[in-house]
Amino acid sequence: MKAFLVLEDGTVFEGTHIGADKEVISEIVFNTSMAGYLEVLTDPSYAGQAVCMTYPLIGNYGICKEDMESLKPWPDGFIVRELSRIPSNFRCDMTIQQFLEENNVPGIAGIDTRALTKILREKGTMNGMITTNEKVDLDEVIPKLKKYTTGKVVEKVSCEEKYTVAARTLEENGPLSGSASFDKEAYARGEREKKPSLVQESNGAGLKVALMDFGAKKNIADSLAARGCEVTVYPALTPAEEIIADCPDGIMLSNGPGDPKECTSIIEEIKKLYATEIPIFAICLGHQLMALANGADTYKMKYGHRGGNHPVKDLATGRVYISSQNHGYVVDTDNLDPAVAVPAFVNVNDGTNEGLSYTGKNIFTVQFHPEACPGPQDSGYLFDRFINMMKGEK
Amino acid sequence: MPKNPNVKRVMVIGSGPIVIGQAAEFDYAGTQACRSLKEEGVEVILVNSNPATIMTDKDIADKVYIEPLTVKVLEQIIEKEKPDSILPTLGGQAGLNLGMELEESGFLASHGVTLLGATAASIRNAEGRQEFKDLMERIGEPCAASKVVENVEDGIEFTNSIGYPVVLRPAYTLGGSGGGIAHNQIELEEILENGLRLSRVGQVLVERCIAGWKEIEYEVMRDSAGNCITVCNMENIDPVGVHTGDSIVVAPSQTLGDKEYQMLRTSALKIINELKIIGGCNVQFALHPTSFEYCVIEVNPRVSRSSALASKATGYPIAKVTAKIALGYTLDEIKNAITGKTYASFEPTLDYCVVKIPRLPFDKFITAKRTLTTQMKATGEVMSICNNFEGALMKAIRSLEQHVDCLRSYDFTALNAEELKERLKIVDDQRIYVIAEALRKGVSYEDINDITKIDMWFIDKIAILVEMEAALETQPLTVELLKEAKRLEFPDNVIARLTGKKEEEIKQMRYDNGIVAVYKMVDTCAAEFAASTPYYYSVYGGECEAKETKDRKKVLVLGSGPIRIGQGIEFDYCSVHATWAFSKAGYETIIINNNPETVSTDFDIADKLYFEPLTAEDVESIVNIEKPDGAVVQFGGQTAIKLTEHLMKMGVPILGTKAEDVDAAEDRELFDKILEQTGIPRAAGGTVYTAEEAKEVANRLGYPVLVRPSYVLGGQGMQIALSDQEIEEFMAIINRIAQDHPILVDKYLQGKEIEVDAVCDGEDILIPGIMEHIERTGVHSGDSISVYPAPTIGKLVKDKIADYTRRLATALHVKGLINIQFIAIDEDVYVIEVNPRSSRTVPYISKVTGIPIVDLATEVILGKTIKELGYKPGLQPEAEYYAIKMPVFSFEKIRGAEISLGPEMKSTGECLGIAKTFHEALYKAFLGAGVNLPKYKNMIITVKDADKGEAIRIARRFEKLGYTIYATRSTAAALNEAGVKARKVNKITQESPTVMDLILGHRIDLVIDTPTQGRDKSRDGFLIRRTAIETGVNCLTALDTARALATSLENASNQLTLIDVASL
């Protein structure tokens, strides 16, 4: 079946329909990761957006459910050059076609994704519609597209009730990356070994972390649990008092979708968390909210950073790390009061802020994703830094 | 960290002659790095024995030494030039080994020279088998169970403890020389013995066989501050077991999820960090196909063939960045040259798929085994880019120039499903074609995967191509079907064949429906940032990013495709120089080429680079967009020449010599007319199509005769026939491939072979120098030792050659380059062949005479005359030194290849010996080619009867040099009778000890064996020659070469004179 992608500037791409049979209007963004489409699809930060993958061959290794970063895919739509006809991977549970259909995600394939990316790069992120209607009336649709806003999406993606992710021992983490060995008999029984772990030390054993879920990727809690921390996940709108009353050793503010400035009530709660002496580590939206809570500003970037190849420089050491990124908004450090916070990381490509260190506080925040999934695992050491901070406080 | 101010004079070591496993990629890397160093104001002292390289140009380095790559020579150069640092990581394994030896001996330290790019410790840790294994164990990175052994017994014992099969890898060798997989003790002993001999340090790694696992490579960069990035990862379609140089490779990996991808990436970064490499590095992994188990196969702490591929696949200039890092810069200080905005500290992301296919030499060595193993055999490779895998594969196939254009190009239709399954067990270069036929015959994906271990995903992609073939064959050709076939990159001629239509009809149907190729950019960032470098590849469907530019006159320079025997790096040298010359003359330059190993496909050589197959259709698609003012074909070897007619049909003017004049040189009848008209003699001959006609001509001329196809390079299929029977044999071989042109049969004349390259402006000619071959006619010019200035011919002959050259060049209306081969018999000169184009000797003669003939030819093509260019027409004055070009072979890499020299070219590369005297130049040339004698002073001579007289004279000289001579019965008798002491040894078929035992005893320096005719592999001579080559013994098959070697040894000297070629 034919499908169309209509952009608010009037550009129309014709392709083939994939996934669920429905029409959507959404914000169109692109992601440059070459692998990890499932992690992208299940990253709650994409709620309210339709994602275009710049890598043209998608679905090659199918869907390995244990790699999902949340319980379901969040993008409103999925835009690809080509979906693989067969998936090939020993852990593959289903095809990407099935996954999109079952989860009600519509999409379009067979379009010139590079041309689309160039439009978004030149004109900035814009809204669009994915439809199978061959008789779309642009005059009618374009005003609708222009009117669309992502809105308050954090509440949609956050968990409804608080829950706990238990601390794990090193054995429970499964084989250390590099030490896995193929067990023929277990494989024949249908057992698939666990993903390899990078964590070599239970340095967080005995620590309790409160994770504010603004749309958290699963691997944030997992990264802490694998290091021995017990992680309690709180819905986004949980009052600060409730968290403080639970006496966590540290608080994590998660990633999440949408415009940080829409999260007005959450920002108020974060102000209260800031006022305590509890160590705080924040990622992505969490990083932006902490900045807003402290009087800084955020602005929308022309087309954001979405991919797994962005260089960030740790200003304390001068070292550059390749990071996983997914954000459309960024903290404006121009009017940042150094008495409140100073830049800790900067993007090597465009000089935008990638992290802050809060003056006189045990608080540090990053714009990128140390939990990776998808993308490079280079900055996983930040979880250890957070653990050390909590230990110092204890 | 800014540049290290102490680095001012850097010595760069090149990789020497082109051999299998070490090819043009190091010229590309070295050239890029030298330019990058010079950009920083660093003085570059370059050492490389290979004169065909661009890196040895005086505009690339400040001081250029084309000298043998030995420790002694390097020490002498260091003493003379006093560099403060040395960069050994750009010259392949050869360069790295030399750097290590200089460091280990303490020479560098005592001369205040710093090793850049890597420390001796990091090289040892990466290259020494045991050191590497220990290091991996320490950091928790898995290697296959293995043990380094120094003798066969230990190897057997260890293998018994881990079980067969095992892989054997000799330490410090190139392209896996001497390695292999042993399935039983007999194989183990054979391979191990050979490997121990070939290893520089006498060590072989015996390791658990992980054949069948996925083979994945990562290209990693690290700077002195410890910042690490991966440039690219690559997946071998052929699983572990086939050398990555012989595998079909795709970038990025296609069948790895993020979990596997990141797991291996993290491991690669951990390893490079632990090794503390400063620069580029390649890490190879084996990944279990159904688990997360992996093994680190090996690490190359230097730029490599894979890094050249990764550079071209991503646009990330690894060698350039490596050079900057070596100077002290960190990755975040180096600009990304493609975007001009971002920095080198990022990871390229692709929005396309890249396929590399190796160019294997089995069309040259028809007796060789086609089997692919851990020993690399490919001489070169092609790369293609497309936004779908099927298209990239199709484009790569037709880039090979091996008479293949689709998955039906090798015919396996005679085999049934069961036979195909059997055939699939053979791992060779035809495997993908066998898979395609198996799919056609209904063999299941599972069965194919089971036998080949090739991932299902790739099998499915081949199936998609097979299904398209069937659709084209059986369904009406609708616009939709045509569009899809083009999306999968089916060329028009294949669609025409399958649909039973004419190629023209298909093209017309495409044009009528707007189905045309569009061009996308390689920009390192998947369009996230605007790129400023026009590096293009084609796809069907979508927006075209290539725009016709009109501000300057435009010239299309056609490259020479993959490196193969007969068409090597020399033609890339010519293409690049022509491009630079056109650019200097104000032209916009456009290069089309498909070879990832070359300088010409570096994105900053031409104004625009199209990485595309060099077929008429692919070129036409580019011409339609660019509308060039002209094309130049005379620099790109036969690949470019073949496109001449097509370009004219497209309306593109051919710059320089006209197509009809090229034809006149190749077409027998036309050429005979020209010879008649100019009064130049040649050997009598005729043109034929069939064996019957050939025999008739041969008998009329009288044997021996020379048989060869027209329009070929490197003497492909050329043979000297002595009898009707041989004519039949050779004609059958030539006619295996349908010939568009007649076959030539000429009377074979024996004399001195002379070669000239000249520039002609239509009226005057310029001959930089006359080259004389040491081997008599009958040995291909590319395999002969070539001497400039010609040492044994007199002024009369030289004048005659200059005169004939002028007459031929003007009669053929040559504008640009011409190459002519002559035979001189006493004072008579005959012409053998004329090539109105650049030749293999152009870089060599340019460098040793200091006359930049490609630049001059380009100026002439653009309308200048030789006089206007400031040269006196005619033969130029001779230099005051001798320059000798020595061929270098890779016979040890190709099992079963016949090594004896003949009219068909077999060498893969060359080196230069340059000195004030002929003798020293000859000594240097042999030394550069790796002939470092004497060692044990034992030699074997076995020659055919006709050669015995000459052999006696040669043997006497070796005897004087202190050699003990062994000879087979009749040769020994002849020698002893003549008073040369020779010990008789038994023939192979006789009782032990035989000549074979002697060779295997490792104490033989040299075998001189002149072969009897024919290609019979069972002959003693063939076995002797193969055994000698495979055990690392020098083996000469032409007495002229043997005589030259004797001369060289008689004049051996420890202290060589060094010549800075840049100052000539």
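**Helix packing, domains and the chain contact**

In chain A, A:Ile266, A:Ile267, A:Ile270, A:Lys271 and A:Tyr274 of H9(A) meet A:Leu289, A:Met290, A:Leu292 and A:Ala293 of H10(A). Residues are in contact here if their C-beta atoms, placed from the backbone, lie within 7 Å. Helices (H or I, at least four residues) and strands (E, at least two) are DSSP runs, numbered from the N terminus. This is a predicted model, in which local features need pLDDT of at least 70 and side-chain atom pairs count only at pLDDT 80 or more, while totals for chains, interfaces and linings use all residues. Residues are numbered from 1 along each chain as its sequence is written, and chains are lettered from A and ligands numbered from 1 in the order in which they are written.

The contact of H9(A) with H10(A) has 8 nonpolar residues, no polar ones and 1 charged. Nonpolar means Ala, Val, Leu, Ile, Met, Phe, Trp, Tyr, Cys and Pro; charged means Asp, Glu, Lys and Arg; the others, Gly among them, are polar. Two packed helices are described by the angle between their axes and the distance between the axes. For H9 (residues 264–275) and H10 (residues 285–293) of chain A, the axes come within 9 Å and cross at roughly 80°. Axes are lines fitted to C-alpha atoms, for helices over the stretch in contact, and angles run from 0 to 180 degrees between N-to-C directions. H9(A) and H10(A) are therefore roughly perpendicular to each other. That label covers 65 to 115 degrees; under 35 is roughly parallel, over 145 roughly antiparallel, and the rest oblique.

Now step back to the domains of chain A.

Chain B comes next. It holds 36 helices and 40 strands. Its radius of gyration is 28 Å, close to the 31 Å that the globule rule gives for 1064 residues, so chain B is as compact as a globular protein of that length. The radius is taken over C-alpha atoms, and the rule is 2.2 Å times the number of residues to the power 0.38. The C-alpha trace of chain B spans about 75 × 70 × 65 Å along its principal axes.

Among the domains of chain B are domain 4 (519–655) and domain 5 (656–667 + 750–778 + 790–877). Their C-alpha centres lie 27 Å apart. Each of these two domains of chain B gives 18 residues to their contact. H20(B) gives the most to the domain 4 side, with 8 residues. That side has 13 nonpolar, 3 polar and 2 charged residues.

Finally, the two chains meet. The contact takes 53 residues from chain B and 55 residues from chain A. On the chain B side, H9(B) gives the most, with 8 residues. This side divides into 21 nonpolar, 19 polar and 13 charged residues.

Conventions:
Domains from an automatic or database assignment.
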